[in-house]
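Please read them with the coordinates open.

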Amino acid sequence: MQTNIQAETARRRTFAIISHPDAGKTTLTEKLLLFGGAIQTAGAVKSNKIKKSATSDFMEIEKQRGISVATSVMTFEYDNLKINILDTPGHKDFAEDTYRTLTAVDSVILVIDCVKGVEEQTERLMEVCRMRDTPVIIFINKLDREGRNPFDLLDELEEKLNIRVRPMTWPVNMGSEFKGVYSLIEKKLYFFKVNKTKVEDDVLPIELEDSLLDQKVGDRDAAQLREDVELIEGVYDTFDRQAYLDGKLAPVFFGSAVNNFGVKELLEGFCDISPEPIARPTDKREVLPEEKNFSGFVFKIHANLDPRHRDRIAFLRICSGVFERGKFYHHTRLDKNVRFASPFSFMADSKSVVEEGFPGDVVGLYDTGTFKIGDTLTEGEELQFQGIPSFSPEIFKELVNLDPMKSKQLDKGIQQLTDEGVAQLFTLELGNRKFVGTVGELQFEVIQYRLENEYGAKCRWVPLNYTKACWITAENPVKLAEFIRLKGNQIAYDKDQNPVFLAESDWMLRMNQQNNPDIQFHLTSEFK
Ligand code: GDP
């Protein structure tokens, strides 16, 4: 079994595609699935993204929940590898969901729009990747448009994303003059065709000095390519895989996802260099994938499609050993044993019951409320996987019950929704009042809608004047207690009874940090 675990682990690649909305994440996902044979036609991947900040859009998505569950994890085989793509919502109000999904992957592909370059969400997502040194491959998309100069794009990536880059392919012109990309590694020219539907390449192995290049792409573009490549070889070091695996260097590919161009080179580059499932930190020790005993953690919880059934789906990332259907596992937070009769795995547009899963795999577990985000399952060992923090919310509202007869439903609803990770629930030190913190406005509408539709409870929101919540600790417990007493109405507790300090502005937060050197303020809930 041990060697089996090792062999199965070695062929798993679990990653996420991330981007600022509209850069081409959904399109790229779909093309990768086409190459992997997981889908037959374009358009099969339903995006679960929300174009506008409108509740109606979200509700439409809710109706399609079954689909978004299916697209949460997409698995396909390529080159004898089992590739798991974890979907992340693009909308910024759901950023926390994305951040948590990033805790369950071993690497990411970041998509950049060559016209827009680095955008707001790109930066935030990369910050999260850097927290765990997640290896990043960059795909610069939409080369069929008049984009920015590729060297300028690379400079911007290095500057704004704080990572070194190394081009692996290079575009020959762009926009209406786009001829193709030159693979700097293989020394091959891939010719661009609009709406390439076939999977075969139109490709020419060619040295740059060859005069055939001028014939193929024209004198001007051939000269430009030679000049660019000379510059690249002069400026950038050769690709260093270890630096990539350490999260210090991002290889860059160019292409046009909608035209199915540059995608195969990206996929093959990914298969060559991306990491297999890696060791994961817990509160006690590091867990290695090849360990005999199973372990895993829940990184996402999804409400079920059918509102008459209150069950949910928990997404479990397997970290070590073999997960087996029907076997009892230890739920470490609740200290109880649980088993799953019909765990399932995901394909592009369906899900099916699985008998076993290996490190890197994600299994879906039907859950009736036993799980919270971050919960760990083991074969008996007491440990808790780390690196699944809550992030400091930025918008805060008090929950007001509009129907006193339904307060039980409201309490239960808000508890379950916050366990799902839709938002964070806090209780004020003074008066025991409950309020909710999120990173986006849209969540409040979603919560209100779901409380009413799934729990039959009506509520309204009263905005609160805070802009940041920081978890607070101190080496000296007396100092912490004193600070909490002094700050009264600015102290609340999170769902695990950890104290948080509520600030009305960044300035207020800074003042309090300066004036209270004994207190540590944390922007995420995990600090050790
Ligand atoms: P997402 O929000 O990142 O998932 O982006 P989508 O995959 O939905 O793409 C956003 C828009 O960009 C869609 O209209 C796509 O058809 C378009 N798009 C994606 N890739 C390309 C490309 O290579 N060239 C051009 N011109 N448009 C593209």
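1. Burial and overall make-up. A residue is called buried if 20 or more other C-beta atoms lie within 10 Å of its own, exposed if 12 or fewer, and partly exposed in between, with C-beta atoms placed from the backbone. By that rule, buried residues make up 43% of the 528 residues in the chain. The model is predicted: local features need pLDDT of at least 70, side-chain atom pairs count only at pLDDT 80 or more, and totals for chains, interfaces and linings use all residues. Residues are numbered from 1 along each chain as its sequence is written.

2. Secondary structure and contacts. The chain has 15 helices and 31 strands; these are DSSP runs numbered from the N terminus (helices H or I, at least four residues; strands E, at least two). Two residues are in contact if their C-beta atoms, placed from the backbone, lie within 7 Å. Of the contacts in the chain with a separation of 6 or more, 71% are between residues 24 or more positions apart.

3. Helix H5. How many residues of helix H5 (residues 95–102) are buried? Eight of its eight residues are, and the helix is mostly covered. The buried residues are Ala 95, Glu 96, Asp 97, Thr 98, Tyr 99, Arg 100, Thr 101 and Leu 102. Their cover includes strands S1 (12–19), S3 (81–86), S4 (107–113) and S14 (295–303), together with helix H6 (120–131).

4. Packing of H5 on H6. Two packed helices are described by the angle between their axes and the distance between the axes. The axes of H5 and H6 come within 10 Å and cross at roughly 30°. Axes here are lines fitted to C-alpha atoms, for helices over the stretch in contact, and angles run from 0 to 180 degrees between N-to-C directions. The crossing angle makes H5 roughly parallel to H6; angles under 35 degrees count as roughly parallel, over 145 as roughly antiparallel, 65 to 115 as roughly perpendicular and the rest as oblique. On the H5 side the contact uses Ala 95, Thr 98, Tyr 99 and Leu 102, which meet Arg 124, Leu 125, Val 128 and Cys 129 in H6. The residues of this H5 and H6 contact divide into six nonpolar, one polar and one charged. In this scheme Ala, Val, Leu, Ile, Met, Phe, Trp, Tyr, Cys and Pro count as nonpolar, Asp, Glu, Lys and Arg as charged, and the others, Gly among them, as polar.

5. Packing of H12 on H13. The axes of helix H12 (residues 407–419) and helix H13 (residues 442–455) come within 10 Å and cross at roughly 125°. H12 is therefore oblique to H13. The crossing of H12 and H13 is right-handed. H12 contributes Gln 409, Leu 410, Lys 412, Gly 413, Ile 414 and Leu 417 to the contact, and H13 contributes Ile 447, Arg 450, Leu 451, Glu 454 and Tyr 455. By class, the residues of the contact of H12 with H13 are six nonpolar, two polar and three charged.

6. Ligand shell. Which residues come nearest to the ligand? Of the 19 residues around the ligand, they are Lys 25, Thr 26, Thr 27, Ser 256 and Val 258; a residue is near a molecule if its C-beta atom, placed from the backbone, lies within 6 Å of it. Helix H2 (residues 25–35) supplies the largest share of the shell, three residues. The shell has four nonpolar, nine polar and six charged residues.

7. Positive phi. Most residues other than glycine have a negative phi, and most peptide bonds are trans. Asn 162 has a positive phi, near 55°, and lies in the loop between helix H7 (150–161) and strand S6 (164–167). Asn 162 counts as exposed because it has 11 C-beta neighbours inside 10 Å. Asp 335, also not a glycine, has a positive phi of about 50°. Asp 335 sits in the loop between strands S17 (329–331) and S18 (336–338), and counts as exposed with 8 C-beta neighbours inside 10 Å.

8. Leu 204. This residue is in strand S10 (residues 203–205). Leu 204 is partly exposed, because 15 other C-beta atoms lie within 10 Å. Leaving aside neighbours within four places in sequence, Leu 204 is in contact with Lys 188, Leu 189 and Lys 216. The C-alpha atoms of Leu 204 and Leu 189 are separated by 5.1 Å.

Technical notes:
Left-handed = near helix turned anticlockwise from the far one by under 90°.
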